[in-house]
Amino acid sequence: MFPHFIVHLKQEIPNCSTMSKSKNYGFLISIAVNILLISIGIYLYAGGGRWAEKNLQIGHLQSTPPLGWSSKAALEAEIVAAMPCSGHGRAYVDGSGCECNGCYVGDDCSILNVTCPADAHGGDCMYLEPYWIENAVDTAVLISGWHRMSYNYADGSMISSELEYYIRKLHHIVGNAVTEGRRLVFGVGSAQLLSGAVYALSSKEASIPSNVLATAPYYWLFRDQTSFFDAKNFTFKGNTSAWHSNNTNLVEFVTSPNNPDGGLKESVFHKKKVNDHVFYWPQFSPIPKAADEDIMIFSLSKLTGHAGSRFGWAIVKDDDVYDKYSTFNFVASIGVSKETQLRALKILKVIVKGGGTGRPFFEHADHLMRDRWERLTAVISKSTRFSIQERKPLHCTFFDETRPPNPPFAWLKCNREEDVDCQAVLQQQGNIRGRPGSLFDDSTSYTRLSLTSPEDQFDLLLKRIKALVDQENGYIETVKSSNGSPFYNRKGLYM
Ligand SMILES: Cc1ncc(COP(=O)(O)O)c(C=O)c1O
């Protein structure tokens, strides 16, 4: 395995083939030496807790054992991380080479496939990847072969008390949710917590199942998951608009900021509700006040971009609901992976520790999202054919200023009567892939476009939207691909 990476490195890093053998050797030694030095900083035996931190303080370093078993894993990780993939992809320890972003192809991701659709349909927050690369030293995790093999932590629980401490601290710093006197449930992504919440709130009598509702446009998983489980105690009934407030047997999903349109939503019925706050963070929305609801759901995937770790948490007010909720999660998955909890801890600590205020992370993420919105708005403002949601400024207690939101998605509307299927229009005339409004129980004249992709993917999306708007305005520019060939014809249509 190990020599395989060295061979791989020689193949993938430009100029490697022209290096002399001794230069290659020197390069690897220098990586190894760096690792020895850096690893002292990154390796926390106890998994990144406050206990381990204390032991890493300068006074203790002399008694730190020399790196042994961990150095091979550290070297492997550094070698893979050093693969440049032309800035349009990433190599992973569990992969077999560069994995390219969006429309980039080739062994080193250097070729832009100009016929490939601009992908704006997913929910990944890869725009944050460069931030985590910059913070590599503080976020790297090294997992021993015997790391937390048990189902439980030493205190018998299945959730890390260190991680719980940092989650509470983060909410306190950001001021987006009340956690005092509340209990936390961890889930395999917030996706698992959604169905757990419905179960916890649903009717005890199977003969009178709870009606599960959401206000359109709503996140499609509420419908698909609730219907998929086909439980006796609850059943998905669609849009709140078709229901009356005198019905008491309701469980309402309230998503704020909303997916897909980014609006700060309130409950319609104010009965039993699941408040999905996965996007209620300063980079996406002003934080007018700390949310204080019965069940509030958050997710690492939207906060930091680590969707692959599958980690979410729910803040629960009522003890009986908490008991039912925890039972659901125990039966569904016997807790959340300890590796996931360790990684989440390392990541959240970096945010919390940023000057003790969380500002470096949120300022960075806000800056990126704001910049994308400004660029998109500038293009769409020249169009009457397409429009996007209004972004109303509100006072943000975290940044202490009045500011517009930067939603993760543009909720784009095709305004021409003949453009009935907006998604098809974008796909066929602009080579843009979004998600149709119908998926969110709304009109097909809407399309959801993700704005949280890697930079190169967002650039391509913007270029394609601009070409459509230019075409609408009769201004035709031939857009050149990276290899020089035009990919719009004289009518401005995608070829
Ligand atoms: C509103 C909302 N809630 C929950 C989720 C699920 O996220 P995850 O399971 O990655 O935490 C998503 C994912 O896109 C979402 O948009």
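The model being a prediction, local features are reported only at pLDDT of at least 70 and side-chain atom pairs only at pLDDT 80 or more, while totals for chains, interfaces and linings use all residues. Residue numbers start from 1 along each chain as its sequence is written.

The chain has 495 residues, of which 40% count as buried. Here buried stands for 20 or more other C-beta atoms within 10 Å of the residue's own, exposed for 12 or fewer, and partly exposed for anything in between, with C-beta atoms placed from the backbone. Among contacts with a separation of 6 or more, 65% come from residues 24 or more positions apart, a contact being two C-beta atoms, placed from the backbone, within 7 Å.

Turning to helix packing, helix 8 (residues 161-174) sits against helix 13 (residues 338-353) at an angle of about 30°, and their axes are 9 Å apart. Those axes are lines fitted to C-alpha atoms over the stretch in contact, and angles run from 0 to 180 degrees between N-to-C directions. The crossing is left-handed, that is, the near helix is turned anticlockwise from the far one by less than a right angle (clockwise would be right-handed). On the helix 8 side the contact includes Leu 163, Tyr 166, Ile 167 and Leu 170, and helix 13 brings residues including Ala 344, Leu 345, Leu 348 and Val 352. By class, the contact residues of the two helices split into 10 nonpolar, 1 polar and 3 charged. Nonpolar covers Ala, Val, Leu, Ile, Met, Phe, Trp, Tyr, Cys and Pro, charged covers Asp, Glu, Lys and Arg, and the others, Gly among them, are polar.

Strand 18 pairs with strand 19 (residues 446-450) over 2 bridges, and pairing takes at least two DSSP bridges. Arg 435 faces Arg 448 of strand 19.

Finally, the backbone. Most residues other than glycine have a negative phi, and most peptide bonds are trans. A cis bond links Ala 216 to Pro 217, with omega about 0°, and Pro 217 lies in the loop between strand 7 (210-214) and helix 10 (220-229). Another cis bond, at omega about -5°, joins Ser 256 and Pro 257. Ser 86, not a glycine, has a positive phi of about 55°; with 19 C-beta neighbours inside 10 Å, Ser 86 counts as partly exposed. Ile 334 also has a positive phi, about 45°, and sits in the loop between helix 12 (319-333) and helix 13. Ile 334 is exposed, with 10 other C-beta atoms within 10 Å.

Conventions
Helices (H or I, at least four residues) and strands (E, at least two) are DSSP runs, numbered from the N terminus.
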